[in-house]
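Here is a friendly walk through one structure, with rings, a helix and a loop as the stops. Please have a look at it before reading on.

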Amino acid sequence: NEVIPDSANKPYDIIDVIDSIVDDGEFLEVQPGYAKNIVTGFARMNGSTVGIVGNQPKYLAGVLDIAASRKAARFVRFCDAFNIPILTLVDVPGYLPGTAQEYGGIIIHGAKLLYAYAEATVPKVTIILRKAYGGAYIAMNSKSLGAAKVLAWPTAVVDVMSAQAAVTITRRRDIANVPEDGRDEAIAAFAAEHSELTGGLQRAVDSGIVDEVIDPSATRASLAALVASASTVPSRKK
């Protein structure tokens, strides 16, 4: 319950979350030195093998870029090939901006992750820990890509972008009219108003984007039950 910082801009280690929900705190990370902004690896839930994909807020705030998309896509396809259920932990603020990513083909490589999730026939469960913004969240095994279940912590925010970023665009004239020493407070007030108008996490639940909001301390029990039920799913057809 204490792993997520109070400030949305503060990082934490996704490995701490993974260790707390898997059997015996044992997690076999794959390619730990490559694309550190996303974590992939294997663990067990009540004895059953699962593949885990998670954004890593410690590196680049957990954004998706070319390397992270390729790394996660290959891992998802591997799990699908060997009939391993996939658990996705989401805390993604978006795609990494910049001309280097554009010239490098972020659209092409980013699409590989969407395709891998959409094509996978193994059971896929997603849990949103904090940020789930824009197209980057869609790529992280959202309901539209076939997630069997999407859970969320109370700290989850599902939106196109953060409320602060949104109001700097939609309320820029109002912000400009506020004295400079009071703009931070004005932005915070506008952001709170924006969150209330958009409905926040409850809107995501009502619209079917999120199936259930759970207490963080209940995460292991909830996921273990889902993995256990997933074991009854027939294997991929040849």
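## A cluster of rings

Which residues do ring pairs link into a cluster? They are Phe42, Phe75, Phe78 and Phe82. Before the details, a word on the basis: this is a predicted model, in which local features need pLDDT of at least 70 and side-chain atom pairs count only at pLDDT 80 or more, while totals for chains, interfaces and linings use all residues. Residues are numbered from 1 along each chain as its sequence is written, and side-chain values use heavy atoms, with hydrogens and water left out.

A pair of aromatic rings is described by the distance of the centres and the angle of the planes. Here rings of Phe, Tyr and Trp (its six-membered ring) pair if their centres lie within 6.5 Å; planes under 30 degrees apart count as stacked, over 60 as edge-to-face and the rest as tilted. By this rule the count comes to three aromatic pairs. In one of them, the ring centres of Phe42 and Phe75 lie 5.0 Å apart with planes at 50°, so the pair is tilted. This pair links distant parts of the chain, 33 residues apart: Phe42 sits in strand S2 (residues 38-45) and Phe75 in helix H2 (residues 66-81). Helices (H or I, at least four residues) and strands (E, at least two) are DSSP runs, numbered from the N terminus.

Both Phe42 and Phe75 are buried, where buried means under 20% relative accessible area, exposed over 50% and partly exposed in between (1.4 Å probe, protein chains only). The Phe78 and Phe82 rings are tilted too, because their planes meet at 35°, with centres 4.8 Å apart. Phe78 counts as partly exposed at 40% relative accessibility, whereas Phe82 is exposed at 56%.

## Helix H4 and its two faces

The buried residues of H4 are Ile106, His109, Gly110, Leu113, Ala116 and Tyr117. They cover an arc of only 110° around the axis, which puts them on the same side of H4; the arc is that of the directions from the helix axis to the C-beta atoms. Strand S3 (48-55), helix H3 (99-104) and H5 are among the elements that cover them. The face turned away from the buried side carries the exposed Ile107 and Ile108.

## A loop residue

Ala148 is found in the loop between helix H5 (134-139) and strand S6 (149-152). Its relative accessibility is 53%, so Ala148 counts as exposed. Leaving aside neighbours within four places in sequence, Ala148 is in contact (heavy atoms within 4.5 Å) with Lys124, Lys143 and Asp211.
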